[in-house]
Amino acid sequence: MGGVDTSGWKPRRTKGTVIYNTRNQFAWVVIAAGTAIFATFYTVASYFGGDDLKQRMRRDFYEKTEEEIDRRNLMRFSLIAPKRGDTIRKLLEDEKEEQAKK
């Protein structure tokens, strides 16, 4: 009677196994491919889109309009449920009318 054959046992940890290395390589490939596709798309789009597209992209990504800041503050600091777009527009119009009356 021999001892227990431990060669067929599963490892307790994945670190150091083939699947661990394969999983990490796959993750890095997915991250690199996503980054490359994103960069290529926006580079090509900005190259062929011209100055108008570059200005729109810059405005959308970097610059926040005053209305957008107000809308975000209304939603962020509201103690009740978030307001719908129509309600926010009406509140902003009412505020402009009050300022015009003064």
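Reader: Which residues form one aromatic cluster?

Author: Phe 38, Phe 41 and Tyr 42 do. This is a predicted model, where local features need pLDDT of at least 70, side-chain atom pairs count only at pLDDT 80 or more, and totals for chains, interfaces and linings use all residues. Residues are numbered from 1 along each chain as its sequence is written, and side-chain values use heavy atoms, with hydrogens and water left out.

Reader: How many aromatic pairs does the structure hold?

Author: Two. Rings of Phe, Tyr and Trp (its six-membered ring) pair if their centres lie within 6.5 Å. Planes under 30 degrees apart count as stacked, over 60 as edge-to-face, and the rest as tilted.

Reader: Why is the pair of Phe 38 and Tyr 42 called tilted?

Author: The ring centres of Phe 38 and Tyr 42 are 4.7 Å apart, and their planes stand at 55°. That angle falls between the two cut-offs, so the pair is tilted.

Reader: What separates Phe 38 and Tyr 42 along helix H1?

Author: About one helical turn, because they are four residues apart in helix H1. Helices here are DSSP runs (H or I, at least four residues), numbered from the N terminus.

Reader: What makes Phe 38 exposed?

Author: Its relative accessibility is 54%. Buried means under 20% relative accessible area, exposed over 50%, and partly exposed in between (1.4 Å probe, protein chains only). So Phe 38 counts as exposed.

Reader: Why does Tyr 42 count as partly exposed?

Author: Tyr 42 has 27% relative accessibility.

Reader: What makes the pair of Phe 41 and Tyr 42 edge-to-face?

Author: The planes of Phe 41 and Tyr 42 are at 85°, with ring centres 5.1 Å apart. The angle is over 60, so the pair is edge-to-face. Phe 41 is exposed, at 51%.

Reader: Which residues make the nonpolar surface patch?

Author: Val 44, Tyr 47 and Phe 48 make a patch of about 400 Å². Patch residues have over 30% relative accessible area and no salt bridge; like charges are joined within 9 Å, and nonpolar side chains (Val, Leu, Ile, Met, Phe, Trp, Tyr) within 5 Å. Areas come from the Shrake-Rupley method with a 1.4 Å probe. Tyr 47 sits in helix H1, which covers residues 18-62. At 65% relative accessibility, Tyr 47 counts as exposed.

Reader: Which residues does the annotation "transmembrane region" cover?

Author: The UniProt record, an unreviewed entry, gives residues 26-49. Such annotations may be inferred rather than shown by experiment. In the model, the span is 100% helix and 0% strand, and its end C-alpha atoms lie 34 Å apart. Ile 37 is in helix H1. Ile 37 is exposed, with a relative accessible area of 60%.

Reader: How do you know that Glu 67 and Lys 96 meet in a salt bridge?

Author: A salt bridge needs a side-chain nitrogen of Lys or Arg within 4 Å of a carboxyl oxygen of Asp or Glu. For Glu 67 and Lys 96, the N to O value is 3.8 Å, so they meet the rule. Glu 67 lies in helix H2 (residues 66-76) and Lys 96 in helix H3 (residues 85-101), so the pair ties together parts 29 residues apart in sequence. Lys 96 is exposed, at 52% relative accessibility.

Reader: What makes Arg 89 and Asp 86 a salt bridge?

Author: The closest N and O atoms of Arg 89 and Asp 86 are 2.9 Å apart. That is within 4 Å, so the pair counts. Arg 89 and Asp 86 are three residues apart in helix H3, about one helical turn. Asp 86 counts as partly exposed, at 49% relative accessibility.

Reader: Into which domains is the protein divided?

Author: Domain 1 (9-63) and domain 2 (65-101). The bounds come from an automatic or database domain assignment. The domain centres, taken over C-alpha atoms, are separated by 36 Å.

Note on methods: Helices (H or I, at least four residues) and strands (E, at least two) are DSSP runs, numbered from the N terminus.
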